[in-house]
Amino acid sequence: MAAEQAKVDPMYQFTIEPLAGSGAWELAGYNIAFTNSALWMLITTVVLFLFVLGGMKRELVPGRWQMVVEFFTGFIDDMLEANIGKAGRKYVPYVFSLFMFILFANLLGLLPLGVVGLHPFTFTSHFTVTGVLAIISFSIVLLVGFWKHGLHFFSLFVPEGTPLPMIPILAPIEFISFMVRPFSLGLRLFVAMMAGHVLLEVLSSFVIDGTNAGATFGLMVGLPAFILMIGICALELLVAGIQAYVFALLTSLYINDAENLH
Amino acid sequence: MPQIAQLADTWSSQVFWLLVFFGITFFVIGRGMVPKVMETVAQRDGQIAADLAAAKAARDAADEQEEAWRVRENENRAAAQAIVAKAKDEAAAKSESKLKAAQTRLDKKLAEAETRIAEARNAALTEVESVAVEAAQDIVTRLAGVKVTKPAATKAVKEAMSHG
């Protein structure tokens, strides 16, 4: 690739590169190489750990850090209590982990580390990852539902007050919408994160190519694209929070179905 | 799209490391640390509620004390007023009796004085009469050379005096 062309591949940022054990690390025949994706999961976990650790001073009058951590736990606690009720409190550890893990992954993936030569990797832009998280949430819904209600859980597919002749029509629709949940849950996050990063990358290619093409193109294309990028960056920060919130909110709504049926 | 192009090569690694790190997040942070953070919050909420309740109780107690104090104060004031009124009454009664006694004494003295005055006047009158009788006798003797008996002179003097 010629330097003056400086071609930007907007998809390259999602490439997974093995960092260690690309061939040798195997678990039951499956490759478990430590990749850049795994590295950013590790970073997310460590940063999240340090973040929550800072809120563990257990002071009666909280400092700023403790205040922020307590805000997040209170936020998840309130959300679960609003959606599920008193029984929702036991899901706080799971939903908090889910929300914060996704939130930190999204935000860390947005860090402008490219400036210093590092490449942040947003593992929530891989449907393998979001799919696993969605499947975990969906499994919890199924387990709780069948554990608490047994076969009565299937009454979830019959909305309350449905006239008898409508049941054969409505139940399959409800069933399909229920089964679509893990896909919509996982795909929503994956698509939102990927789209945002692709957009930023495409805009950055406009800036680079436009500037390389000369002063006129630089001013006509590069500058507006750069200004738009700044705005999109702010929007992406918002999306990072919203997508984490949506994932946690939908999980809590689905758990509510399992906990309380209709 | 690397997500699909690399799927066959990387999915096992992705799933494995996600489960490892999300597992650590869930068990260490979610299960281990979050409950403690929430416990702290609950503790603080409890403390605040307890403090508020204590403050309310203290205020109620203060109100009660004030009420009791007010009742006592009112009683004291009433008692003091009663004492003052009683003392006033007593003093009034005393001064009245004193006044009465003084009045009586004065009246008595007055009456005595009047009696004495009347006596003195009577005595004086009698003396004047006797002097007048003697003088009349004397005058008659000297002028007319007639000796007037004392009863006659007395009678004449009395007549003249009563006529003024």
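# Exercises on a predicted two-chain model

**Exercise 1. Describe how helices H4 and H5 of chain A pack, giving the angle and the distance between their axes.**

Solution. In this predicted model, helix H4 (residues 127-149) of chain A packs against helix H5 (residues 167-212) of chain A at an angle of about 145 degrees, and their axes are 8 Å apart. The crossing of H4(A) and H5(A) is right-handed.

Next, list the residues in contact. H4(A) contributes Phe127(A), Thr130(A), Gly131(A), Ala134(A), Ser137(A), Phe138(A), Val141(A) and Leu142(A). From H5(A) come Phe178(A), Met179(A), Arg181(A), Pro182(A), Leu185(A), Gly186(A), Leu189(A) and Phe190(A).

Last, sort them by class: the contact of H4(A) with H5(A) has 11 nonpolar, 4 polar and 1 charged residues.

**Exercise 2. State the area buried between chain A and chain B, and which residues of chain A lose the most area.**

Solution. Start with the residues in contact: 50 from chain A and 35 from chain B. The buried area is about 3,900 Å², and carbon and sulfur atoms give 76% of it. In chain A, the residues that lose the most area to chain B are Arg58(A), Leu60(A) and Thr128(A), together 15% of what that side buries.

**Exercise 3. Find the salt bridge between the chains, then say which elements of chain A touch chain B.**

Solution. The count between chain A and chain B is 1 salt bridge. Its partners are the side chains of Arg44(B) and Glu70(A), at 2.9 Å from N to O. That distance meets the cut-off, which is within 4 Å. Polar contacts between the two chains number 5 residue pairs, with both residues at pLDDT 80 or more.

Now turn to the elements. Those giving two or more residues to the side of chain A that touches chain B are strands S3 (30-31) and S4 (34-35), helices H1 (36-54), H2 (64-83) and H3 (92-109), and H4 and H5. The largest share, 9 residues, comes from H1(A). By class, this side of chain A divides into 33 nonpolar, 12 polar and 5 charged residues.

Key: Residues numbered from 1 in each chain as written. Chains lettered and ligands numbered in written order. Predicted model: local features only at pLDDT ≥ 70, side-chain atom pairs only at ≥ 80, totals over all residues. Heavy atoms only, no water. Axes fitted to C-alpha atoms, helices over the stretch in contact; angles between N-to-C directions. Helix = DSSP H or I, 4+ residues; strand = E, 2+ residues; numbered from the N terminus. Left-handed = near helix turned anticlockwise from the far one by under 90°. Contact = heavy atoms within 4.5 Å. Nonpolar A, V, L, I, M, F, W, Y, C, P; charged D, E, K, R; others polar. Buried area = accessible area lost by both parts, 1.4 Å probe. Polar contact = N/O pair within 3.5 Å; in protein donor to acceptor, adjacent residues only side chain to side chain.
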